[in-house]
Amino acid sequence: VAWIDGLGLLKVGPTSAGADPGPACYGLGGTAPTVTDADLLLGYLNADYFLGGRMTLDREAAERALRTIAEPLGLSVTDAASAAHQVVNESMIGATRVHVAERGGDPRRLWLMAFGGAGPVHAHALARPLRMPGYICPPGAGVTSALGFLTAPVSFEFSRSVAARLAQRVLVQLEAIFAELEAQGRSTLAASGVRESEMRFIRQADLRHVGQGHEIVMALPYERLAGVDLDLELRPLFYAKYEELYGHAHPQLALEVTTCRLTATGPRPRVVLNEETSRATTGRRALKGSRPAHFAQVGGFVDTSVYDRDLLTAGTSFEGPAILEGSDSTIVVPPDGLATVDQFLNVIVRIAGDR
């Protein structure tokens with residue numbers, strides 16, 4: 001939900017309209033302006049082809065809702081919609097930067113995975129300022145989370161708080177704790193129908209420099225900690241990880257452990273993805289027409305080709321601006337984007353130009 005705070009600044013979230021009553025454009029009684037209402041007014045969503053045509057969106061209701069923030073801000077409804085769209089994008093950009101930085105990554109070397117019903121609508125606006133090469137939208141993007149749930153192995157996590165400075169004798173104590181956690185994991189997996197031969201156990205520990213306020217969750221690649229040489233094996237492992245994350249380690253400082261963690265998992269379900277033979281095509285068969293869509297980098301609305309995503313075949317390639325409408329999500333390709341469909345029907349959008 002978009003709203004104006006006490007200082008007169010536009011905010012988006014954390015309040016959501018949910019599914020009931022949902023955004024104003026759903027026509028189910030919602031009146032608050034939402035990101036979905038903004039996306040509709042910016043031309044990204046098709047009022048007559050939402051959910052693959054199973055639902056019609058109310059454009060007038062979206063305009064009424066956005067007017068409640070446009071008028072106090074002295075903006076047109078379109079400018080208010082664009083502002084709401086940009087504010088929510090900035091929130092996601094900030095969260096992505098933190099997520100990548102905490103893992104020592106560089107967004108310029110990463111592709112953005114865009115899924116969910118609305119994720120592919122906003123992906124272009126996230127990938128550009130993060131200077132990513134582009135983004136990938138899997139088939140069935142709107143239900144990718146459900147696919148992940150169904151294809152993930154049965155898994156349980158166990159932990160035990162510990163407060164000890166690391167020493168060789170402490171490793172024996174930690175081994176006893178991990179043995180107890182593993183017994184819990186083995187019992188839980190057995191109750192879930194996992195065979196003994198298919199059980200796997202992953203050990204981790206929260207480690208830090210003594211007196212430090214932030215821990216690193218370290219994977220422990222040892223079957224038994226009791227036989228590990230602390231100075232020759234475990235300490236170097238921690239310092240290497242610390243240096244990877246923060247650029248400099250402090251090997252002169254002692255270490256302490258705060259938590260023992262164990263993940264007990266069963267076998268990963270075997271999933272075979274459908275694969276199609278690629279053949280070069282422009283997607284003309286899937287072209288539905290065009291409509292104006294708003295792109296901040298060109299300063300307004302531009303005529304944008306509209307494709308039926310479900311008719312795109314492997315090997316299809318075309319330039320933006322374009323909108324790909326599917327039964328469960330909508331993909332927005334910016335004017336400087338190049339969209340390609342791979343053999344698994346992922347839509348891969350590469351962003352060119354000065355980013």
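Which residue takes a positive phi in the hairpin of S14 and S15? In this hairpin, which has five residues between the strands, Leu345 takes a positive phi near 70 degrees. Strands here (E, at least two residues) and helices (H or I, at least four) are DSSP runs, numbered from the N terminus. The model is a predicted one, in which local features need pLDDT of at least 70 and side-chain atom pairs count only at pLDDT 80 or more, while totals for chains, interfaces and linings use all residues. Residues are numbered from 1 along each chain as its sequence is written, and side-chain values use heavy atoms, with hydrogens and water left out.

Strand S14 (residues 337-341) pairs with strand S15 (residues 347-351) in the antiparallel sense over five bridges, where pairing requires that DSSP finds at least two bridges between two strands. Within this pair, Gly337 has Ile351 of S15 as its bridge partner, and Leu338 is partnered in S15 by Arg350. Leu338 of S14 is also the bridge partner of Glu319; S11 and S14 run antiparallel and are joined by three bridges. S14 has a covered face made of Gly337, Ala339 and Val341, whereas Leu338 and Thr340 form an uncovered one.

These strands belong to an open sheet of five with mixed pairing, in the order S3-S4-S15-S14-S11. Because strand S3 (112-113) and strand S11 (317-319) each have a single partner strand, they stand at the edges, and one side of each is left without a neighbour in the sheet. Helix H4 (residues 119-127) packs on the sheet and touches S3, strand S4 (134-137) and S15, contact meaning heavy atoms within 4.5 Å. The direction of H4 makes about 165 degrees with that of S4, given axes fitted to C-alpha atoms, for helices over the stretch in contact, and angles from 0 to 180 degrees between N-to-C directions.

The largest nonpolar core has 33 residues, and those with the most contacts inside it are Leu166, Leu174, Leu234, Phe238 and Val257. Such a core is a set of buried Ala, Val, Leu, Ile, Met, Phe, Trp, Tyr and Cys residues joined through side-chain atoms within 4.5 Å, buried meaning under 20% relative accessible area with a 1.4 Å probe and protein chains only. Helix H6 (168-191) is among the elements that give two or more residues to this core, and H6 gives the most, with seven residues.

Technical notes: Buried < 20%, exposed > 50% of the residue type's maximum accessible area, 1.4 Å probe, protein only.
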